[in-house]
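Morning, everyone. Let me walk you through one structure. Have a look at it first, then I'll go element by element.

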Amino acid sequence: MTYHSVFQPDPIPATAGVGLKPQHFRDILETKPAIGWFEVHPENYMGEGGSPHAYLTDIRSHYSLSCHGVGLSLGGVGPLDADHLYRLRDFVSRYEPGLVSEHLAWSAHDGHFLNDLLPLPLTDDALDLMVEHVDQMQEALGRQVLVENPSTYLTFKGETMKEADFLIALARRTGCKLLFDVNNVYVSARNHGFDAAAYIDAVPGSLIGEVHLAGHAVEVINGVELRIDDHGSEVVSDVWYLYERLIARVGPKPSLIEWDTNIPAWPVLFFEAQKADILMKQHDLVLGRRHGHE
Amino acid sequence: MNSRADNSLSDFQVRFAAAVNGAPADGLNTGDDRGIPLERRMDVYRNNVHASLIDALASAFSVVQKLVGEEFFRAMAREFLRMHMPRSRTLIGFGEEFPAFLDDFPPVATLAYLGDVARLECAWLRSYHAGNEGALGPQDFADVPEREMDGLVLTLHPGVQLFSSDFPVWSIWQSNQNGYDGPKVAQKPESVLMMRPKFAVELHLVDVATIVFVEALADGRMLGDAVEAGMKVGASFDPSRILGLFLSGGGFSRFHPTGMRGV
């Protein structure tokens, strides 16, 4: 089915947004909180109709929306799933999201959907594959997309690039932008022992279209910490510091709080987003002074 | 595509997917484990894949989970995944094979009704996600002359679902909703009609005659014929009560007159 949207495409503002959860539909519609935008996984709205679309349509009529896919498996060998690409295109025409993003990851194999963001060895071959698939995605949707850095638990021998360089090359070759997940940088840095701040500093601000922030869990195995990206708690202070470091350099960006497990009451999530807004405002003032705008 | 890329990455993804499903992770040519055994690192991916899919099944089949308990349900869902990983990239519709799996899963052989309870939950999900169409109310029929009513062909709203079982599925479903304080469930066949007024799925316990009546409408037969079919099955079939239910529940999306007189 082809949808003709009733919505005008409106851009995502450089302010805080939150990942939209069904648990908060009513709170949001009843209180109309002063928040810049919401983000959804389109896969949760690929039914024909019913309550999920009714709520999303209502919320979309009051707020800008960002579409953050988890099912396209850009890093999977073989062709992209045509059915899924059509469904994604339908979603985009139906809701006119301001941003559309996917991941540096694969999530399907041999016709089966694994429902997780699995890692790729960062090699020239993997880069070629991602370039081909991002090109196809942008062509099918007729728009620029964003690609997100993953949180990872394994590295591979024979990798030829650092993740930041891989993503920068991907953006340069395809014209896509990056969805820069600061928590993922931190989780991967702690799990693999690299310098998170150096990664944060390595990505040009002009390539960053959106930022993600989330909480994560810590598991201790044989006395060694493993950080697990579960989106199940508040953003930790180390991640806020990295975020501050990022926006101090690149200025305000659309910044999303993701909270997908142990989902809190709406005010808790809203407060988390306000923290990001406050940090962006503070740094905007500092940057403004530095650049003599005051 | 670069064939070299295809070969080595393809090989990697074959091995990785096998490791996610329980094969050892060595052979993936992994880097420094920094003191955390490779298999424990791999377990994060294994757990993400399986726990998220089991969560999706638990959410789709919440009554089945209540009936067997959470721990048993999760172990059973894991067995289901061995044969039925999702094929679609959206999990809407995932688990359609679950009822048939339950029919044949030996550890629940004594719970013969379980498969049908899962079928009822599948029907609920189909109703919940069905397309949005307008719903007719009594006022929409105001201009239809009485004598032409029997000749109407009514289109069921996509949210209408029917399910008949040899087991008391409606009673089981009701008694497993929060706050249930009714009688114990007795063994008997039950039929359920679902409608979706204002996006909330409603379940109605109906008799076999009603099922026959609704199936006749779904087949595109005229209202008069459908009523007759219902009457044949059950002497107590009350068409005006059922029509009232459909009009208040948004069960019809369109009608068109055939111009034929009722019989």
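One definition before the tour: helices and strands here are DSSP runs, helices of type H or I with at least four residues and strands of type E with at least two, numbered from the N terminus. And a caution: this is a predicted model.

With that naming, start at a loop in chain A. A:N222 is found between β10 (217-221) and β11 (224-228) of chain A. Its phi is positive, about 50°, although A:N222 is not a glycine. Why flag that? Most residues other than glycine have a negative phi. Is A:N222 buried or exposed? A:N222 counts as exposed, because it has 9 C-beta neighbours inside 10 Å, and exposed means 12 or fewer.

Where does B:R34 lie? In the loop between α1 and α2 of chain B. B:R34 has 14 C-beta neighbours inside 10 Å, so it counts as partly exposed.

Back to chain A, and another loop. A:S206 sits between α7 and β9 (208-214) of chain A. A:S206 is exposed, with 9 other C-beta atoms within 10 Å. For a distance, take A:S206 and A:L88. They are 118 residues apart along the chain, and their C-alpha atoms are separated by 26 Å.

Now a helix, α5 of chain A. Helix α5(A) covers residues 163-174, which makes 12 residues. From first C-alpha to last, α5(A) reaches 16 Å, close to the 16 Å expected at 1.5 Å a residue. Which residues of α5(A) are buried? They are A:E163, A:A164, A:F166, A:L167, A:L170, A:A171 and A:T174. These residues cover an arc of only 165° around the axis, so they lie on the same side of α5(A).

Next, strand pairing in chain A. Strand β1(A), residues 16-19, pairs in the parallel sense with β12(A), residues 255-258. That pairing runs over three bridges. In β12(A), A:S255 is the bridge partner of A:A16. β1(A) is also joined to β2(A), residues 37-40, by three bridges, and these two run parallel. There, A:G19 stands opposite A:E39 of β2(A).

Chain B gives us an antiparallel case. Three strands form an open sheet in the order β2-β3-β4, with antiparallel pairing. Which strands stand at the edges? β2 (161-165) and β4 (202-206) of chain B do. Each has a single partner strand, so one side of each is left without a neighbour in the sheet. From one strand to the next, the twist averages 25°. Strand β3(B), residues 190-195, pairs with β4(B) over five bridges. One pair to click on: B:S191 has B:V206 of β4(B) as its bridge partner.

Now the two chains together. How many residues are in contact? 43 residues of chain B are in contact with 44 residues of chain A. On the chain B side, α1 (3-20), α2 and α6 (114-129) each supply at least two residues. The largest share comes from α1(B), with 11 residues. By class, that side of chain B has 19 nonpolar, 15 polar and nine charged residues.

First, α6(B). It has 16 residues and reaches 23 Å from first C-alpha to last, close to the 22 Å expected at 1.5 Å a residue. Of its 16 residues, 15 are buried, so α6(B) is largely enclosed by the rest of the structure.

Then α2(B), residues 38-60, which holds B:R40. B:R40 is partly exposed, with 16 other C-beta atoms within 10 Å. B:R40 and B:G137 are 97 residues apart along the chain. Their C-alpha atoms are separated by 59 Å.

Definitions and conventions
Residues numbered from 1 in each chain as written. Chains lettered and ligands numbered in written order. Predicted model: local features only at pLDDT ≥ 70, side-chain atom pairs only at ≥ 80, totals over all residues. Pairing = 2+ DSSP bridges. Axes fitted to C-alpha atoms, helices over the stretch in contact; angles between N-to-C directions. Buried ≥ 20, exposed ≤ 12 C-beta atoms within 10 Å, placed from the backbone. Contact = placed C-beta atoms within 7 Å. Nonpolar A, V, L, I, M, F, W, Y, C, P; charged D, E, K, R; others polar. Expected span 1.5 Å × (residues − 1). Arc of directions from axis to C-beta.
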